[in-house]
Amino acid sequence: MIKRRTTINKIFRITGIGLHTGRPVTLEFLPRRETGIAFVLGDCLIPARFDRVNDTRLSTQIAGEKGSVATIEHLMAAFYFAGITNCLVYINGPEVPILDGSAWEFYQEMWRAGVYEFPETGVYLKPHRMIEATFNDAYIRIRPLNTLDISMTIEFRPPVGKQRKRVTDVENAFAIINSRTFVLQEEIEAIQKAGLAKGGSLDNAVVIGHDDIVNPHGLRYKKELVNHKILDLIGDLYTSGYRILGKIEAYKTGHHLNNLLLREIFSSPDNYAIY
């Protein structure tokens, strides 16, 4: 387990296109002494924090006084898996690049950069009681536990159907990092009419057809789709600024409910402890 605050050991860059904007964007990662992950867009510093989330349509977007940064969840999950607590991310566009649709390429670059450890602790957050967020039949709840244990259930039309996955050793669940985002084929036109998914392709998303997976090489894992929902959840939870400890049960959750859970946790300092 990560025991102290950390940052990256050296500067590096990543370039790609935004899934929703379709625009090229470059990220430059710099070591940071101050606590937390933050984006720098122009002269605007935007902490990657749950209380800065202002939009959860198909991605997690954070906002500052002079701009916003969308689709941060895969990058935040990569920070989690790489064990990075502090970092500045300079970005020259409004959206983090989608790359291959997973967190894998972000994670690889962080691993190459290495980790620098600070003396400060206060890395983990553990709830004192069961806390939940619900919307219609969807829910996400967390109970106290000394590790992170996630049970995720998703439900879509065939060929996906109902999938369930439990991960008991999340910090080492590397198949989660490599699982790609996905979309139902019939939803693509409506999403694009809404001005989103302009940069989407079979190179960065799994497309679910009426009878099978449209991508020529199929899925990377049998449960890649539910894996990716776990990846999104981990990225969203990391906007807490901490590595969450707890037993999580999630059913049909998404970015909105994930953010609501954090807001419930932080609604009172009596709800949690920091370690």
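Arg 141 lies in strand β13, which spans residues 138–143. In this predicted model, the relative accessibility of Arg 141 is 18%, so the residue counts as buried, the cut-off for that class being under 20% relative accessible area. Leaving aside residues up to four places away in sequence, Arg 141 touches Met 130, Ile 131 and Glu 132, together with Lys 247, Ile 248 and Glu 249. With Glu 132, the side chain of Arg 141 also forms a side-chain to side-chain polar contact of 3.3 Å.

The position of Arg 141 was also considered relative to Thr 56. The two residues are separated by 85 residues in sequence, and their C-alpha atoms are 19 Å apart in space. Thr 56 is among the residues touched by His 255.

His 255 carries the annotation "active site" in an unreviewed UniProt entry; such annotations may be inferred rather than shown by experiment. The residue is found in helix α6, which covers residues 255–265. With a relative accessible area of 11%, His 255 is buried, because this value falls under the 20% limit.

The contacts of His 255, not counting residues up to four places away in sequence, include Thr 56, Leu 58, Ser 59 and Thr 60. Glu 73, Asp 232 and Asp 236 are also touched by His 255. For Thr 60, a polar contact of 3.2 Å links its side chain to the side chain of His 255.

Note on methods:
Residues numbered from 1 in each chain as written. Predicted model: local features only at pLDDT ≥ 70, side-chain atom pairs only at ≥ 80, totals over all residues. Heavy atoms only, no water. Helix = DSSP H or I, 4+ residues; strand = E, 2+ residues; numbered from the N terminus. Buried < 20%, exposed > 50% of the residue type's maximum accessible area, 1.4 Å probe, protein only. Contact = heavy atoms within 4.5 Å. Polar contact = N/O pair within 3.5 Å; in protein donor to acceptor, adjacent residues only side chain to side chain.
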